[in-house]
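Biologist: Could you take me closely through the side-chain pairings here, the ring pairs and then the charged pairs, and tell me how far the model can be read?

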Amino acid sequence: MSNLQRIEILTTRDKEAWRAALDEIGTYSFYHMPEFHRLAEIRGEGEGIMPVYREDGFIAAFPMLLRDIQIHGQSTGMRDATSVAGFAGPIASMAEPPKDIVRRVQSALHEFLHETGVVSVFSRMNPVASRPRLLDGMGVCVERGNSLVIDLTAPLDVQLARYKSERRKKLRRLEETDLTIDFGGMEHIDDFVRIFSQTMDRTSADHSYRFDRFYIEYLLREMPDVMHIGVCKLDGEVISVVLDGFCGGIVEGYIGGTSTEHRQMSPSTILYDRIRVWGTSIGAKSLHVGGGVGGLKDTVYSYKLSFGANEMPYYTWRYVVDQPAYDKLCREAGGTPTDDIHSEYFPNYRDPELGARETVGV
């Protein structure tokens, strides 16, 4: 059997097979799921596929979006691959597979990408689930800062003891109030959209963070076993919300917000704490809360860190499949051919200064 024959290409129409492959791998995120890739397709972000490699009980998967490449508004007849926005990336059933298997995986993936006409690949990696070792020597994995992960395998009291002292004090004060926490789904959609939109307006959030009602409803409707809304109420009124996903052993806080009039109260503190407790109760191993805005160590980052989170390296994967075609695209875009895939923007022909709008690592 050739290396290429070991690869199966799944599309978002192959939902059951896609999910089965993820379950076979074991550790994965909601970002890896077919429904999340289908949502990206609906939003015009590319064609969702997942090449899956199998060999003697080992399995690896490479969820991605295939995109047509246009230069100055004109189709080039070529394509590149990227990941969904968020924390996806290649995953595998072994953290450190044998080097001979890694070689065969890379050979099969390269052959598939080349035959598909893919010029380059860019992928954000999941700090908990992704396997950078699988990509050793295949392009580069560039460290883009840290993301924050809370270990849920420790006893609850040990988890709480890891909080910063000021966060524990804040939590105790909130527990003495009339705040209540509830977890659910579509029944909380109106409150979620209202508070999330208000938060995005108040913080002047970038357009890439502003998801509309259709987006939230899609996640709750198509992934009801995975996506959940947590709400914090005061006297029956919802004042803070968060949308999180649980699958593959990982709880991940996605998006949320707090009403303007209750912002100083910091109700999200007790909401995040109860997500930690809930995640532990259902057997999750990690609570991934992300990082700061745009990958920065800002006040958002410091707030999340205060919950006793561990700092995990966050990588992006960059790979030039066809160097001559890549150089040609760079020239046509108005840039210069370069083999420096550590540069600020990748692929170079999508540099926003050349008229595109893709920023990597966020």
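Modeller: The confidence score to begin with is pLDDT, the predictor's confidence in each residue on a scale from 0 to 100. The protein chain has a mean pLDDT of 92, with 95% of its residues at 70 or more. Residues 356-362 have pLDDT below 50, although this stretch still makes 26 contacts in the model (heavy atoms within 4.5 Å) beyond near neighbours in sequence. Where pLDDT is low, the predicted coordinates should not be read in detail. Because this is a predicted model, local features need pLDDT of at least 70 and side-chain atom pairs count only at pLDDT 80 or more, whereas totals for chains, interfaces and linings use all residues. Residues are numbered from 1 along each chain as its sequence is written, and side-chain values use heavy atoms, with hydrogens and water left out.

Turning to the rings, a search of the whole structure finds 21 aromatic pairs, counted for Phe, Tyr and Trp (its six-membered ring) when the centres lie within 6.5 Å, with planes under 30 degrees apart called stacked, over 60 edge-to-face and the rest tilted. The pair of Phe214 and Tyr218 is tilted, because the ring centres are 6.4 Å apart and the planes stand at 40°. Phe214 is partly exposed at 41% relative accessibility, whereas Tyr218 is buried at 4%, buried being under 20%, exposed over 50% and partly exposed in between (1.4 Å probe, protein chains only).

Phe246 and Trp278 form an edge-to-face pair, with 6.5 Å from centre to centre and 75° between the planes. Since Phe246 belongs to strand β11 (residues 237-247) and Trp278 to helix α8 (residues 268-281), this pair ties together parts that are 32 residues apart in sequence. Phe246 and Trp278 are both buried. Elsewhere, ring pairs join Phe30, Tyr31, Phe36, Phe87, Phe211, Tyr215, Tyr254 and Tyr314 into a cluster.

As for charge, the structure holds 24 salt bridges, each a side-chain nitrogen of Lys or Arg within 4 Å of a carboxyl oxygen of Asp or Glu. One of them joins Arg19 to Asp225 at 2.8 Å, N to O, and it links distant parts of the chain, with Arg19 in helix α1 (residues 15-25) and Asp225, 206 residues away, in the loop between α7 and β10 (227-234). Arg19 is partly exposed at 22% relative accessibility, as is Asp225 at 43%.

Because Arg274 lies in helix α8 and Glu175 in helix α5 (residues 165-175), the bridge ties together parts 99 residues apart in sequence. Arg274, with a relative accessible area of 25%, is partly exposed, and Glu175 is partly exposed at 41%. These two residues belong to a network of salt bridges that also links Asp273 and Arg276.

Finally, Glu222 and Arg221 meet through their side chains in a salt bridge of 3.2 Å, N to O; Glu222 is partly exposed at 29%, and Arg221 is partly exposed at 43%.

Conventions:
Helix = DSSP H or I, 4+ residues; strand = E, 2+ residues; numbered from the N terminus.
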